[in-house]
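I opened my notebook to record what I looked up in this model. My entries follow in the order I made them.

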Amino acid sequence: MRRYAPLLLVALCAVGAVVVSCVGASAWWWGAAAVLLALTAAGLWDLFQRRRPVPRGHPLVGRLMYRAHVAELHEDGEDGDEFLVPSMGPVEPAEAEPRVRVGGPDCALPYDMALLNVSALSFGALSPNAVLALNRGAALGRFAHDTGEGGLTDHHLRGGGDLIWEIGSGYFGCRTSEGDFDAREFADKAALPEVRCVSLKLSQGALPGSGGILPGAKVNAEVARVRAVREGETVVSPPCHRVFSTPRELVLFIGRLRELAGGKPTGFKLCVGSRREFLAVCKAMLAEGVTPDFVVVDGAEGGTGAPPEYTARLGLPLTEGLIGVHNALVGTGLRDRIRIGASGRVATGADIVERLAQGADYTNAGRAMLRALGCVGAGRCHTGTCPAGIATQDPLRTRALHVGDKSRRVHRYQRDTVRGAVRIMAALGVTEPGLLGPGHLVRRTDATRVRSYAELYEWLEPGELRAGPPRSWAADWAAADPDSFS
Ligand SMILES: Cc1cc2nc3c(=O)[nH]c(=O)nc-3n(C[C@H](O)[C@H](O)[C@H](O)COP(=O)(O)O)c2cc1C
C-alpha cells in the first residue's frame, strides 16, 4: 500500500487546500489547491491507464522511475563488430511469415515454429498476469510460448497460445512426492491440446551445473502448490536429472517423453560446455536410432537470477555453442531431422538473421519479451518487488501489468521483429531462412579487416565425422562415449 501513499497524501492535501480556500483564506490557497488537484488527477490517470505498468503500480512517483530506466534498455543487442552482408541483387520480402517445421521421423504431430518465440520463463519467477499476457500474445501471433521449468499452470492455459512444456530437473508439474519424474501425470498434461512440444531442460545460460533458483519471497501458496514444494522456502532445482545419467539414457528418455506425449515434438535445451559431451549425445542418438526433434542452444550470456560471476563465464557464448551444435549434427548426418533453436540476447530482426546464418532454424527471446511486457530493468526480480508487476507474486504489484494491453504489445513486438528479419533477409537476397549461411555474416577481426563467418569457423560436411573426422575434431570424436558424460 505504501506505493499509493504519495497519491493519497496529495489527494488529502488537495481536499484540505480546497476547504481552506472556501472558508475565505488568501487567494494563494486557490493556487495551491489547483496544483494539488492537478497532481491528484495525474496520479489517478497513472492508476487507471493501461500502457505503462510502473506508473500504474506507483501512481505519481512511477513516472520518474519509468523515465530513469528507458534509456538503458535500448543498448542491448547491438554489436558494432559484426555485419550482415547485403546483396547487390536484393529480393522482395516474402509476404507470408516463414515457419519452420519441427518434427523428426518419430514425431507424429509436427509443429510449425515461428522464427521468434517466447523463451522459457517460469511461473513463480513471473507473475500470473505476466504469464497470461505472454500466452495471449502468443495466441494473437501464433507463435510458441515456453512454460519454463516452473510447471504448466492455468495461467499458461487460459490464453489459448501454443505451449512448449519445459521439464526441468525438479520435474515441477509431473513430480512424485519423492521428487522423481511422474510418467502418468506427465502423459495427462502433455495430452492437452495447448501443449504442442515438450522440452527437457538440461541447463540454461549462466546457470549450467546448478538448477534454477526461486527465492522464498516468491514462493506463495499457489507457486508452492504448482511446484509441490513448501510455501516461503527457496526452491533450488537439483543440478542434474534423476532419470538419466549418461548420454544414452538421456536420448532414451527423450524417446520415452515423446511416446508419453503421444508423438509431439520433443527436444532438449542446454547451454553448451564441452564439445566432446555433445558428440557423446550424438553417438548415443546414432547407436539407439532415437533423435530429439529439436535442440535449443542457450548462450552463457543468458538472463537469470544467477550469481553475477556465473553470467557469461560459465558455458559457451551463443555463437560458439550454436556453431558447435550445428556442426556436430551436420557432421554426424543428423542435422536433417533435428531443428536448432537459439536463445541469448535475441531482440531484433538482425539478431534473428544473424543466428539463422550461424546455424539456427528459429530463435527464442526471454528478456526482450519481458521488455515488451513493460520490464524496466529494475533489477529486483529476486526480491518479488518488481515495479512492473512482472517478476512478483504480490497481487497488488501484479495489478500494474494490464494483461490486455501487454498481450497486444507482446504480439506486436514479435510480429514487427519477425517482419524486420524478413526484410533484412530480402536485402541479403535470401527468399527463405533455410538459405542463410555463414557467408552472410562478417566480423571485424582488427582495425582494417573483416572476415566472413564462412572463413572464420570450420564448417563440416554432412556425415563427415562418421566418414572420417577432420584433425580438429578427431580427438573429441574419438573420446566421445555414449555411456558417459565425463
Ligand atoms: C525471469 C527469467 C526466468 C527464466 N526461467 C527459465 C526457466 O524456467 N527455464 C529455462 O530454461 N530458462 C529460463 N530462463 C532463461 C531464458 O529462457 C533464456 O534462456 C535466457 O534468458 C537467455 O535469453 P534472453 O537473453 O532472450 O533472455 C529464465 C530467464 C529469466 C530472465
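**Entry: helix α7**

I began with helix α7, residues 183-190, and listed its buried residues: Ala183, Phe186 and Ala190. Seen down the axis of α7, these fall within an arc of 60°, so they line one face of the helix. The arc is that of the directions from the helix axis to the C-beta atoms. On the other side of α7, I found Arg184 and Asp188 exposed. I noted the cut-offs: buried means under 20% relative accessible area, exposed means over 50%, and partly exposed is in between (1.4 Å probe, protein chains only). Helices (H or I, at least four residues) and strands (E, at least two) are DSSP runs, numbered from the N terminus.

I also noted what I was working with. This is a predicted model, where local features need pLDDT of at least 70, side-chain atom pairs count only at pLDDT 80 or more, and totals for chains, interfaces and linings use all residues. Residues are numbered from 1 along each chain as its sequence is written, and side-chain values use heavy atoms, with hydrogens and water left out.

**Entry: salt bridges**

How many salt bridges does a search of the whole structure find? I got 21. The rule is a side-chain nitrogen of Lys or Arg within 4 Å of a carboxyl oxygen of Asp or Glu.

I stayed on α7 for one of them. Lys189 forms a salt bridge with Glu185, and the closest N and O atoms are 3.2 Å apart. Both residues lie in helix α7, four residues apart, about one turn of the helix. Lys189 is partly exposed, with a relative accessible area of 21%. Glu185 is partly exposed too, at 27%.

Next I looked up Glu233 and Arg230. Their side chains meet in a salt bridge at 3.4 Å, N to O. Glu233 counts as partly exposed at 42% relative accessibility. Arg230 counts as exposed at 60%.

Then I checked Arg397. Its salt bridge partner is Asp394, with the closest N and O atoms 3.4 Å apart. Is Arg397 buried or exposed? It is buried, with a relative accessible area of 15%. Asp394 counts as partly exposed at 27%. I also found a network: salt bridges that share partners join Asp106, Arg258 and Asp293.

**Entry: surface patches**

Which residues form a positive surface patch? I wrote down Arg50, Arg51, Arg408 and Arg412. Arg51 sits in the loop between α2 (28-48) and α3 (53-57). Arg51 is exposed, with a relative accessible area of 61%.

I found a nonpolar patch as well. Val15, Val19 and Val23 make about 290 Å² of it. Val23 is in the loop between α1 (5-22) and α2. Val23 is exposed, at 67% relative accessible area.

Patches are made of residues with over 30% relative accessible area and no salt bridge; like charges are joined within 9 Å, and nonpolar side chains (Val, Leu, Ile, Met, Phe, Trp, Tyr) within 5 Å. Lys and Arg count as positive and Asp and Glu as negative, while His and the chain ends are not counted. The place of a charge is taken as NZ of Lys, CZ of Arg, CG of Asp or CD of Glu. Accessible areas come from the Shrake-Rupley method with a 1.4 Å probe; for residues, only the protein chains shown count as cover.

**Entry: helix α12**

Gly359 follows α12, and its phi is positive, near 130°.

**Entry: positive phi**

Most residues other than glycine have a negative phi. I looked up two with a positive value.

Tyr171 has a phi near 50°. Tyr171 is in the loop between β6 (162-167) and α7. Tyr171 is buried, with a relative accessible area of 0%.

Arg345 has a positive phi of about 60°, although it is not a glycine. I found Arg345 in the loop between β12 (339-343) and α12. Arg345 counts as partly exposed at 43% relative accessibility.
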